[in-house]
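Notebook open, viewer open. I want to go through a few residues and then the sheet and helices around them.

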Amino acid sequence: MEPPAGNTVRPLVAKTGDNGAFHKSFPVEILERIAQEVLHSQSRAFSSISALSMVSHQFRHIALRVYFSRLAVHRLPKAGRINDIPNSCSWVRHLSTTMQIVEKKALPVYRMKLGSLELSCESVSTFSLSASILLVLPHLPKSLVSLKITSLPRITQLLLREIAERCMNLKELELSVVERLSTDCCWACFEELSTCVVHSPVGLDPPCDTAGNLATFYARSLRPLASLQRLSIGVFLSSPAVLEEHIDNHFMEGEHCQPTGCTFDDSFSAPHTPAIDGQVERPRVHSYGKSAGGGFAMQERSTAIGYRPYSPTKCALCWETHGHRTREDELMATMKLAQNLRSLELVRWSSWFNSPKVTLNLSPVNDRAGRNQSGGAELRGAQWATFEVQRSERRIKVRRRT
């Protein structure tokens with residue numbers, strides 16, 4: 001029976017050696033599959049290929065190619081060590097790295113035949129990030145079908161147009177701002193981070209006065225991406241006032257939580273020196289006294305800057321005031337994107353009001369690991385509102401995925 005057309009796996013072939021013995025050549029595709037199962041199921045440490053490398057020269061070459069096909073480089077020293085391995089960059093198909101490494105050309109990204117690229121901008125300051133992105137984009141390979149850029153300061157029309165002109169084969173695109181927001185520290189730091197990025201662009205510019213107009217603005221810039229199927233935009237479609245009001249009015253009740261001890265908050269060392277908040281002119285002074293045990297006593301109820309904050313997702317008042325309206329705006333904005341980008345199948349927005357209302361946990365978080373897991377995870381991955389786009393008989397249906 002003949003193999004089906006298009007089958008690339010070569011059959012076993014018997015060969016006669018010099019000593020008259022028979023040897024069988026094993027299909028390379030099967031060896032690659034074995035290497036993938038072994039390397040991808042274990043840790044991504046380079047030492048994981050040692051066992052495969054000792055089998056044979058052919059197996060070592062296959063193991064190296066499989067290992068470097070998915071590469072994660074987030075430190076400059078590791079990028080230098082990878083360049084020391086011959087042909088390593090030519091094997092990379094999926095790369096996860098930082099803007100700093102690409103900007104310093106520590107990895108020859110423009111020479112790689114990448115299918116997907118994940119670029120984190122967290123290590124670059126907000127002030128210089130916009131210029132860095134525009135310098136890096138012209139060097140992105142045109143073979144990209146998936147691009148993910150996170151920790152952006154804002155999503156601009158120039159950025160969208162540069163991506164659409166350079167990476168016209170994209171099928172998946174993710175641009176996100178919200179990673180720069182974090183509830184790991186205190187209310188003062190949370191407010192400061194929120195003012196450094198454009199996390200809620202609705203109403204800030206005349207062309208984007210509503211969520212629908214903002215979606216149309218994005219879609220027109222991305223129209224050259226004729227194959228785009230999955231689009232994730234990490235901004236909130238609610239008004240900027242949602243977070244501002246939440247920070248000003250919906251702080252955590254202090255009797256159930258301990259101070260965070262923020263290193264950037266000087267009110268512990270100098271409580272007599274007020275720092276005035278320019279927006280509402282409230283003094284950032286913490287009236288901590290000494291307790292019987294020598295530690296800090298509880299803070300006044302009128303200020304909660306010294307406590308670890310929580311997002312509007314966990315605020316019942318924010319849900320009652322803005323939840324229903326925001327969810328309707330997200331649905332309408334997705335419909336605008338689907339009408340302008342005809343190949344679109346899935347859309348994601350960052351949202352304060354996607355998941356069901358969460359009961360607020362008022363227990364203190366004292367250890368560093370607990371703070372990192374609680375505050376960081378709240379704004380990294382759990383805030384996506386996902387919508388499916390269905391097309392039939394010239395009609396478009398948008399459904400929120402639960």
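This is a predicted model: local features need pLDDT of at least 70, side-chain atom pairs count only at pLDDT 80 or more; totals for chains, interfaces and linings use all residues.

**Entry 1: Ser-146.** I began with Ser-146, which sits in strand E6. Is Ser-146 buried or exposed? I get a relative accessibility of 17%, so Ser-146 goes down as buried, the cut-off for buried being under 20%. Leaving out residues up to four places away in sequence, I listed what Ser-146 touches: Gly-115, Ser-116, Leu-117, Leu-170 and Glu-172.

**Entry 2: Leu-144.** Next I looked at Leu-144, in the loop between helix H6 (126–136) and E6. Leu-144 has 0% relative accessibility and therefore counts as buried. With residues up to four places away in sequence set aside, its contacts are Leu-114, Gly-115, Ser-116, Leu-117, Cys-167, Asn-169 and Leu-170.

**Entry 3: positive phi.** Ser-151 has a positive one, near 60 degrees. I find Ser-151 in the loop between E6 and H7. Its relative accessible area is 2%, so Ser-151 is buried. Lys-105 also has a positive phi, near 55 degrees. Lys-105 belongs to the loop between helix H5 (99–103) and strand E5 (116–120). Buried or exposed, then, for Lys-105? The relative accessibility comes out at 59%, so Lys-105 is exposed; the cut-off there is over 50%.

**Entry 4: the sheet.** Time to zoom out. How many strands are in the open sheet, and in what order? I count 9 strands with mixed pairing, running E3-E4-E5-E6-E7-E8-E9-E10-E11. At the edges I have strand E3 (70–72) and strand E11 (395–400), each of which pairs on one side only. From one strand to the next, the twist averages 10 degrees.

Strand E10 (residues 384–392) runs antiparallel to E11, and 6 bridges join the two. Across that pairing, I see Glu-388 opposite Arg-399 in E11.

**Entry 5: helices on the sheet.** Which strands does helix H7 touch? Helix H7 (residues 157–166) packs on the sheet against strand E6 (146–150) and strand E7 (172–176). The direction of H7 makes about 160 degrees with that of E7. Helix H11 (residues 316–340) packs on the sheet as well, touching strand E8 (230–236), strand E9 (346–350), E10 and E11. For H11 against E11, I noted about 145 degrees between the two directions.

**Entry 6: H8 and H10.** Last stop was a helix pair. Helix H8 (residues 187–194) and helix H10 (residues 240–249) pack at an angle of about 160 degrees, their axes 11 Å apart. Angles over 145 degrees count as roughly antiparallel, so I wrote H8 and H10 down as roughly antiparallel to each other. Their crossing is left-handed. From H8, the contact uses Trp-187, Phe-190, Glu-191 and Ser-194; from H10, I have Leu-243, His-246 and Ile-247. By class, the H8 and H10 contact has 4 nonpolar, 2 polar and 1 charged residues.

Note on methods: Residues are numbered from 1 along each chain as its sequence is written. Side-chain values use heavy atoms; hydrogens and water are left out. Two strands pair if DSSP finds at least two bridges between them. Helices (H or I, at least four residues) and strands (E, at least two) are DSSP runs, numbered from the N terminus. Axes are lines fitted to C-alpha atoms, for helices over the stretch in contact, and angles run from 0 to 180 degrees between N-to-C directions. Contact means heavy atoms within 4.5 Å. Angles under 35 degrees count as roughly parallel, over 145 as roughly antiparallel, 65 to 115 as roughly perpendicular and the rest as oblique. A crossing is left-handed if the near helix is turned anticlockwise from the far one by less than a right angle, and right-handed if clockwise. Ala, Val, Leu, Ile, Met, Phe, Trp, Tyr, Cys and Pro count as nonpolar, Asp, Glu, Lys and Arg as charged, and the others, Gly among them, as polar. Buried means under 20% relative accessible area, exposed over 50%, partly exposed in between (1.4 Å probe, protein chains only).
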